[in-house]
Amino acid sequence: MSKLLILIVVLVGALAVAQVARVYELTSRLRGKREEDISPADNRMNARLMWAFLVAYFAFFIWLIVAYKDKMLPVAASTQGVETDWLMNFNWAILAVMFVVTNVLLFFFAGKYVYSKDRRAFWFPHNNKLELLWTIVPAAVLAVIIIYGLNSWNNITSPASPDAVVVELYAKQFDWTARYPGQDGRMGATDYRLINGDNPLGIVTAKSIATRLAEIDTEIAEEEARLQGVLPDDKVAEIEDHIGYLGRMASRIVNLRVVMEQDIKENGEASTYLHGADDVVTKDFVLPVHKEVDILIRARDVIHSAYMPHLRIQMNAVPGMTTHMKVTPTITTDSMRTHVMHDEAFDFILLCNKICGASHFNMQMPLTVVTASEFTAWVAEANKKPFEPAGTQPGAMAILPDSTVNLVGDSTGAAQAPSTGH
Amino acid sequence: MGAHAHAAHADHGADHQHHHEESFISKFVFTQDHKMIGKQFLVTAILMAWVAVIMSVIFRLQLAWPGEGFAFTNFFLGDKWAPGGVIDPNMYLALVTIHGTIMVFFVLTAGLSGTFANMLIPLQLGARDMASGFINMLSYWFFFTSSVIMLASLFVEGGPASAGWTIYPPLSALPKAIPGSGAGMTLWLVSMALFIASSLMGGLNYVVTILNLRTKGMKMTRMPLTIWAIFFTAVIGILSFPVLLSAALLLLLDRGMHTSFYLSDIHIAGEALENTGGSPILFQHLFWFLGHPEVYIVLLPALGITSEIISTNARKPIFGYRAMIGSIMAIAFLSFLVWGHHMFITGMNPFLGSVFVFTTLLIAIPSAVKVFNYLTTLWRGNIIFTPAMLFSIGLVATFIAGGLTGIILADSALDIMVHDTYFVIAHFHIVMGMSAIFGMFAGIYHWFPKMYGRMMNTKLGYLHFWITFICAFGVFFPMHFIGLAGAPRRYYSYTEFTMFNGVVDLNVLVTIFAITGALAQLIFTGNFFYSVFRGPKSVQNPWKSNTLEWTTPVEHMHGNWPGPLPVVHRWPYDYSKPGKAEDWVSQITPLEPGETEDN
């Protein structure tokens, strides 16, 4: 009912506007002029409004800059960010000149050359010199912008040095997890099929493969038990589909195990499959100051984007591939708090910047930048809690239950190579 | 077909009383007359635009006052999606998605090109009708059907598509990731498939008509810039829309047929999917191969319209006619080589990124040429401020403001920090959204007398322009600052972060301007529909314009001209030519002995 009333009010309002316009038109006709003719007074009014707008436009712009310049991002806290900020200011300086010149000309001309019956417009259809001028000048300015821009781009995107600290960021709806390489300094391989409650990143180890296979085994048994009961046909089909799916999953995981064993045989200690157990999976995202960090980024479900505005870096997290970005933090969280922000609660933030679902707006993780010595201490402490606590040595194949292999049949028959997540 | 239609139209032309015999259905519904089809596109686009505007007001309310209930929100979304008037986060994303889709495709592509290409191509080139009236009619009805399906998708169980108008998979492929990726997304894809078919039929017709049906004397270099712009728009559309269609079809297969074009290694809702080997980035390449040219599909017709209107109302030839054509060509060509600048931070090879930086910044050169040519056209002109002229000047202003921030975004090193923030929202709404809609308004005010034989109210037009113009900057200018403070786009609210506290008050300012701007469109809509029926009768050539459409009778007729088609003797911009009595010379006026054609 209220909706109907609102609609009626809107309609009546529209009619009222129409009637006012009609009255206005009729009265102007009585005064002997057609409303749609543009009178000299109309022209003058609009011409003056053009000038007024120019002033208001620039005033608004300047007010925004003055009122909000301290509420923008604080000083860049990474070497990459310092470079980006310099480049940004350099570009703004050029653009500001272009902005002011073109707008002043536009609104000044619009307001100045208002129509007069006694005057004719200047016949000026073309002029090659002028046209050449404003092709070459923008081209030259853009060349400068491109050269400086690409120089910074190359610095920022070049590969990280081999001795950089390596950290992995793992995104899923709607949180972030960090992974550090652990005692051996190397990240282990991952596979998304191994993900479960205890292995949120799907790190590949002999144990995690065995655990996952055992889980699937149990699940199949449960589903088969359900089939024993009395069920409608569509439910039966659904369960059979699910059992088929679980079987295929298990066979892919067995494939993965074959690949893993092969890789270990060929590469020995260098195999990435031997480096997962000691990895540190954590919700604490800690980086050392003044040290280059190579951040590997992966996603579990949809595309996310790892955005750290204070460090001026960002890279998408894409399911099925690993992306990289490097950063060298220059200010610790403590110095930010005491010297820059004067706010004890300040934290660097990692936030998601690619639409990823309902809670996209709250997918965040604080980032702590610490001194080199603090970082060493933190790593030593974190390494005490590896992904797989000691006792399960990498390569310990003996713990695999044989029943799983029997369940999924001959593993050598399946041709599909498993993904390692890299 | 073309020749036959021509003959038929010539018969009609001989006796213009004939149109009385048409039934309502063949005149207003399944019409093959280009003028009526243009008007159908326009009215449909106005209705669609209102849907998108109301959506934007709803999400602007949420952004300004997050978590507060609004009767307005509840009125449109009901208790399911807005309990207590507070919008649901999923519905927020859905509105953002559909607002973008409708504005970009249904309003600024179909509404702008569909209206003005149909109205102006035959009229400005001296043709009886489009090359194929039947395909032209189909083009509208495909568009209409696709609009209906898009609107229907608002009412499905899980809500409409919610993955953003760019519908990046896997989010758009997995209903488990977001409810809008269920039936809503399927309808979105079906609707877009029909839309693309419509756009291709329209585009082919435009190109064929422009190349083949120009009247005697209408050389390519005598075509108005509107036609040049529409021509390249149609070419861009024909070359790029099929790529979006293939992207959409592959996405449909991934969604329904267990293929893995875009999906790989995904673990969602506690289960690992079997898809391996696909790449979500592939979709982005396909999408932006259309998506970037699409920017010029909406922008070029607006620039063409503006060129025509600025020249007419400055009573001065457009400066650098050939440079204008050249820059349209350059923009059209380059538009196919820049799509990667939307993907600098997807993990793309940095060298490839460098190439896209280079090609993208090249586009700034023809754009700068256009701006300076507009400025020079205004210089020492004799300017009449019709509402159309105001919107055209407004377009130049937004084109400058938005174009300049484009240079920041094209610079990949800077894009890293502003990518997907409100800075991007500000940039593309100003340079593409506002410029194109200003071009569309300019075109409507300018050619309204041609479309309906009546005049729109000028005073209301002034009011509409000034409120809209001020609000456009009031809405989108502060967004640059919100973006530079690091605020990401497509966030339901910013209350979860303290770092945005300094700029959230700007969101209130933006919303107030947005609501005012939306209300100003009531003035336009009222003026438009009132004038269609009750506006004062127009004279044949109200703006004293040179182009051919103003030589047709005010009352519409099949075949456009009674008697033979006009013959063209000069370019369209002989305004204030020295030695002429009037400050305009119609294109059908023969050159005087010794007079040179100055283009």
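**Two chains, one predicted model**

Helices here are DSSP runs of H or I with at least four residues, strands are runs of E with at least two, and both are numbered from the N terminus. What you are looking at is a predicted model, in which local features need pLDDT of at least 70, side-chain atom pairs count only at pLDDT 80 or more, and totals for chains, interfaces and linings use all residues. Residues are numbered from 1 along each chain as its sequence is written, while chains are lettered from A and ligands numbered from 1 in the order in which they are written.

Is G202(B) buried or exposed? G202(B) counts as buried, with 29 C-beta neighbours inside 10 Å. The rule is that a residue is buried if 20 or more other C-beta atoms lie within 10 Å of its own, exposed if 12 or fewer, and partly exposed in between, with C-beta atoms placed from the backbone.

Which residues does G202(B) touch? Leaving out residues up to four places away in sequence, they are S113(B), G114(B), A117(B) and S139(B). Contact means that the C-beta atoms of two residues, placed from the backbone, lie within 7 Å. G202(B) and L138(B) are 64 residues apart in sequence, and their C-alpha atoms are 8.7 Å apart in space.

Now chain B as a whole. Chain B has 17 helices and 2 strands, and 64% of its 599 residues count as buried. Its C-alpha atoms fill a box of roughly 80 × 50 × 50 Å along the principal axes. For 599 residues, a compact globule would have a radius of gyration near 25 Å, and the 24 Å of chain B agrees with that. This radius is taken over C-alpha atoms, and the globule rule is 2.2 Å times the number of residues to the power 0.38. If you take the contacts in chain B between residues at least 6 apart in sequence, 79% of them join residues at least 24 apart.

Chain B also has a few backbone details. The peptide bond from P169(B) to P170(B) is cis, with omega near 0 degrees, and P170(B) lies in the loop between α6 (133-152) and α7 (183-212) of chain B. A269(B) is not a glycine, yet has a positive phi of about 50 degrees. A269(B) belongs to the loop between β1 (267-268) and β2 (271-272) of chain B, and is exposed, with 11 other C-beta atoms within 10 Å. S576(B), also not a glycine, has a positive phi of about 55 degrees. S576(B) is in the segment after α17 (504-534) of chain B, and with 23 C-beta neighbours inside 10 Å it counts as buried.

On to chain A. Chain A has 9 helices and 10 strands, and buried residues make up 38% of its 422 residues. Of the contacts in chain A with a separation of 6 or more, 74% are between residues 24 or more positions apart. The average pLDDT of chain A is 89, and 90% of the residues score at least 70; pLDDT is the predictor's confidence in each residue, from 0 to 100. Residues 393-422 of chain A have a pLDDT below 50, and this stretch has 60 contacts in the model beyond near neighbours in sequence. Chain A has a cis peptide bond too, from Q173(A) to F174(A), with omega near -5 degrees. F174(A) is in the loop between β1 (165-172) and β2 (175-180) of chain A.

Last, the place where the chains meet. How many residues does the contact take from each chain? It takes 104 residues from chain A and 112 residues from chain B. On the chain A side, the largest share, 16 residues, comes from α4(A). That side divides into 60 nonpolar, 27 polar and 17 charged residues. Ala, Val, Leu, Ile, Met, Phe, Trp, Tyr, Cys and Pro count as nonpolar, Asp, Glu, Lys and Arg as charged, and the others, Gly among them, as polar.

One helix pair across the contact is worth a look. α3(A) and helix α13 (residues 387-410) of chain B pack at an angle of about 175 degrees, with their axes 10 Å apart. Axes are lines fitted to C-alpha atoms, for helices over the stretch in contact, and angles run from 0 to 180 degrees between N-to-C directions. α3(A) and α13(B) are therefore roughly antiparallel to each other; angles under 35 degrees count as roughly parallel, over 145 as roughly antiparallel, 65 to 115 as roughly perpendicular and the rest as oblique. Among the residues making this contact are L95(A) and F99(A) of α3(A), and I400(B) and L404(B) of α13(B). By class, the contact of α3(A) with α13(B) has 12 nonpolar, 3 polar and no charged residues.
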